[in-house]
Amino acid sequence: MTADLSKGSRVSPLAAPLTAADIDEAADRISGVVTRSPLQFNERLSEATGANVYLKREDLQAVRSYKARGAFNLMAQLSAEELAAGVVCSSAGNHAQGFAMACRSMRTHGRVYVPAKTPKQKRDRIRYHGREFIELIAVGSTYDLAAAAALDDVARTGATLVPPYDDVRTMAGQGTIAAELLEQLDGEPDLVIVPVGGGGCIAGITTYLAERASGTSVLGVEPAGAASMIAALAAGEPVTLEHVDQFVDGAAVARAGALPYAALAAAGDMVALTTVDEGAVCTAMLDLYQNDGIIAEPAGALSVTALLEADIEPGSTVVCLISGGNNDVSRYNEVVERSLVHLGLKHYFLVDFPQEPGALRRFLDEVLGPGDDITLFEYVKRNNRETGEALCGVELSAATDLEGLLARMRDSDIHVELLEPGSPTYRYLT
């Protein structure tokens, strides 16, 4: 292995239903409609890791993600009767765009079920790609609820389901990424880092590399708040997570696909899984945008996030899949906020001010340092009380400044409470 994968879950052998030949056939099938995405050397990430890092730019597809590959490969194999019955899919947003584009190009009517929290940008793009051939239905708070609604539709109407990951045809289409990158590189990569949601993409890529490459390892990356494939591998079968953090919406799946699980289980030691914190994902998103001009959605930045946290062998060749670029610009305030908190630059406090003239001035003069900036201050003066609490957000110029700030708070006669990220009070107030 080219990376320290000790945080990940190893898998044990099981029979896999997908073959590299299936993926080669899929590559021929979709070649006229899906873009051959660039494989770009990235100097910044190469210098940071000591490896030769390439980015597989699936964010440059017409639908801004790799999902068109699976949707087209599956729908191209449907019979005329199946297409006439209509097609249905569920999606967090990206699969639906590939599905919508396939529906319009094949002049087939389809229905798309998405979670109610799907960003507006993704909804608009689904409608754009599908035009009059698509009906968009928002239902439920999670992807899994939308998927259940799609299954109900199929049972009720007899339409054909186009799964986003749990189908061999979908997995084969998504696995064509691996066929392309082997053709684009001069030699085999040592490591390919792949984001994981339901598991179709990593299953296809791993299956292809297991047969067509001699020594390539695969690292799958899940958001810490939605590690459904790691849970499946630990349990020996797919399990349903009790809670899923929806922030990395493109990978926020409560239950990994059964077929992708089986494919990964069959791969043995060539593949491992790890998780990354959502705040670290935000930092990677901002770095990709500011340094490389790449607009990645949260799921699209998972691979680069893991790259920077892994122990990469110097001189090795690493491919990171930039899996999607469907990011709603209205989310950037939250992205910046999560990144600052993750980096230790943003903190929140409850400050119990004495209700007397000059209390705020003392806090500013005696507690805050020269590089500390108040970014939030909410205070309500209460009658008949000696003190009043304020919610105060402070941004530091360096994470190491926190210890000095806390020391000055302890020395002050003003009572201050640090709100810990993840605590009920923190979640409520921010």
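Colleague: Which residues is M229 in contact with, leaving aside its neighbours within four places in sequence?
Modeller: In this predicted model, M229 is in contact with V196, G198, G199, E222, A256, P260, Y261, L264 and L273.

Colleague: And which residues touch the most other members of the largest nonpolar core?
Modeller: M229 is one of them, along with V194, I202, I205 and L209. That core has 41 residues.

Colleague: Which elements each supply at least two residues of it?
Modeller: On the helix side, α1 (20-30), α8 (168-184), α9 (200-212), α10 (228-235) and α11 (258-267). The strands are β7 (191-195), β9 (271-276) and β10 (317-322).

Colleague: Where does the largest share come from?
Modeller: From α8, with seven residues.

Colleague: What lies apart from that core?
Modeller: Another core, of 33 residues. V248, A296, V304 and A310 are among its members.

Colleague: Switching to the whole chain. How many helices and strands?
Modeller: There are 17 helices and 14 strands.

Colleague: Why call it as compact as a globular protein of that length?
Modeller: Because its radius of gyration is 24 Å, close to the 22 Å from the globule rule for 430 residues. The C-alpha trace spans about 80 × 50 × 40 Å along the principal axes of the chain.

Colleague: What percentage of the residues is buried?
Modeller: 56% of the 430. As for contacts with a separation of 6 or more, 77% are between residues 24 or more positions apart.

Colleague: What about surface and charges?
Modeller: The accessible surface is about 17,900 Å², with 48% belonging to carbon and sulfur atoms. The chain has 35 positive and 58 negative charges, and their mean positions are 8 Å apart.

Methods: Residues numbered from 1 in each chain as written. Predicted model: local features only at pLDDT ≥ 70, side-chain atom pairs only at ≥ 80, totals over all residues. Heavy atoms only, no water. Helix = DSSP H or I, 4+ residues; strand = E, 2+ residues; numbered from the N terminus. Rg over C-alpha atoms; globule rule 2.2 N^0.38 Å. Buried < 20%, exposed > 50% of the residue type's maximum accessible area, 1.4 Å probe, protein only. Contact = heavy atoms within 4.5 Å. Areas by Shrake-Rupley, 256 points an atom, 1.4 Å probe, with all protein chains shown as cover. Lys, Arg positive; Asp, Glu negative; His and termini not counted. Charge placed at Lys NZ, Arg CZ, Asp CG, Glu CD. Core = buried A, V, L, I, M, F, W, Y, C linked by side-chain atoms within 4.5 Å.
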